[in-house]
Amino acid sequence: GRWVLRLGGTVLMRGYWSPPQLVEMIALVRDGKTWMSLTAFEVESQQLGVEAAHGHVVIMGLGMGWAAAATALKPQVQAVTVVERDPDVIAMHAELDLFARLPEAAGEKVRIVAGDALTWRAGGPVDLLMADIWLPLQSAGRVDEVRRMLANTGAASVYFWGQEMEIARRAAMCDAAGVTAAVAAMGLPLVGPERADYPRLVAAAAAAWLRDAGDGAALSKGGTGS
C-alpha cells in the first residue's frame, strides 16, 4: 500500500533522554513521513511501558511491532492485544509473520485486531494500556484521547507515547514535586512516576524534545504505533 519499510543508513540522532549516538535507521514510512523507527529515541520513548508490562497488555498502534514483541517476550506477560486500524499494516505483519519468529513461542501471546483505538473496547480485564497512535510527539487533546481509551479498556495502568511531554508542560518545574502535581492533575493511572528517577527522565526528555503544543508537527516519529 502506501507504506515503505526502509532499511539501512546511519544517522546521528539523540535518544528520547540519552545523548546523540550513531544509529542505523530502520523505519516504517508513509508519504515521506516516518511513523515508526528502531532508534534510541523510539526505544527509550516506549521503554518504561515495556518494563511495566504484565498480565494482559493492550497496545494501541502496531507499527513494526517492536513494543508488542518486547512485551510478549516478558514472562510476566500472559497476553498482548494489538489494536491497529490500517489494513496495510496488518497485511504487512501477516506476510512477514514477525511474531512467529520470537523464541519460546512468545509470539503466541500476541493477537492483532482491526479497530480504532478511540472506540475499541476490551472484552475482559486489561492490566496495562500502551498507546502510540500519533504522528507528532505532541498533539492537542492527547490526554483526553488517552482518557477515552482508558474508559473503553478499563485498564489498571497506562503508558502513552509522549506522556513526559504532557507532564512537563503541566509541571511548574520538572522536579519531584512538580512531576507529582502534574501527574495528579492529569488523573490517569500512569506507569513511570513511581520511579525515583522519573523527574530526571522527564526533565531530560523535555529539554530535548518539548515544544509548544501547536508546534508538535516538527516532532514527528510515529503513529501507527510501536
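In what order do the 3 strands of the open sheet stand, and is the pairing parallel or antiparallel? The points below answer this and then turn to other parts of the model, which is a predicted one.

1. The open sheet. The order of the 3 strands is β1-β4-β5, with antiparallel pairing. The strands at the edges are β1 (3-6) and β5 (33-37); each has a single partner strand, so one side of each lacks a neighbour in the sheet. From one strand to the next, the twist averages 30°.

2. The β4-β5 hairpin. Strand β4 covers residues 27-30 and is joined to β5 by 4 bridges, the two running antiparallel. Within this pairing, Ala27 is placed opposite Ser37 in β5. The two strands make a hairpin with 2 residues between them. Asp31, in the turn, has a positive phi of about 55°.

3. The nonpolar surface patch. Leu5, Leu7 and Leu96 make up a nonpolar patch on the surface, and together they have about 280 Å² of accessible area.

4. Ala122 sits in the loop that runs between β8 (110-114) and β9 (128-131). Is Ala122 buried or partly exposed? Its relative accessible area is 21%, so Ala122 is partly exposed; the cut-off for buried is under 20%. With neighbours within four places in sequence left aside, Ala122 is in contact with Asn152 and Thr153. Ala151 is 29 residues from Ala122 in sequence, while the C-alpha to C-alpha separation is 9.8 Å.

5. Helix α5. How many of the 8 residues of α5 are buried? In this helix (residues 163-170) the count is 6, and α5 is mostly covered. The buried residues are Gln163, Glu164, Met165, Glu166, Ile167 and Ala168. They pack against α1 (40-52), α4 (142-153), β10 (158-160), α6 (176-186) and α7 (198-209). In general, an α-helix has 3.6 residues a turn, so residues three or four places apart point the same way.

Conventions
Residues are numbered from 1 along each chain as its sequence is written. This is a predicted model: local features need pLDDT of at least 70, side-chain atom pairs count only at pLDDT 80 or more; totals for chains, interfaces and linings use all residues. Side-chain values use heavy atoms; hydrogens and water are left out. Buried means under 20% relative accessible area, exposed over 50%, partly exposed in between (1.4 Å probe, protein chains only). Contact means heavy atoms within 4.5 Å. Patches are made of residues with over 30% relative accessible area and no salt bridge: like charges are joined within 9 Å, nonpolar side chains (Val, Leu, Ile, Met, Phe, Trp, Tyr) within 5 Å. Accessible areas come from the Shrake-Rupley method with a 1.4 Å probe; for residues, only the protein chains shown count as cover. A salt bridge is a side-chain nitrogen of Lys or Arg within 4 Å of a carboxyl oxygen of Asp or Glu. Two strands pair if DSSP finds at least two bridges between them. Axes are lines fitted to C-alpha atoms, for helices over the stretch in contact, and angles run from 0 to 180 degrees between N-to-C directions.
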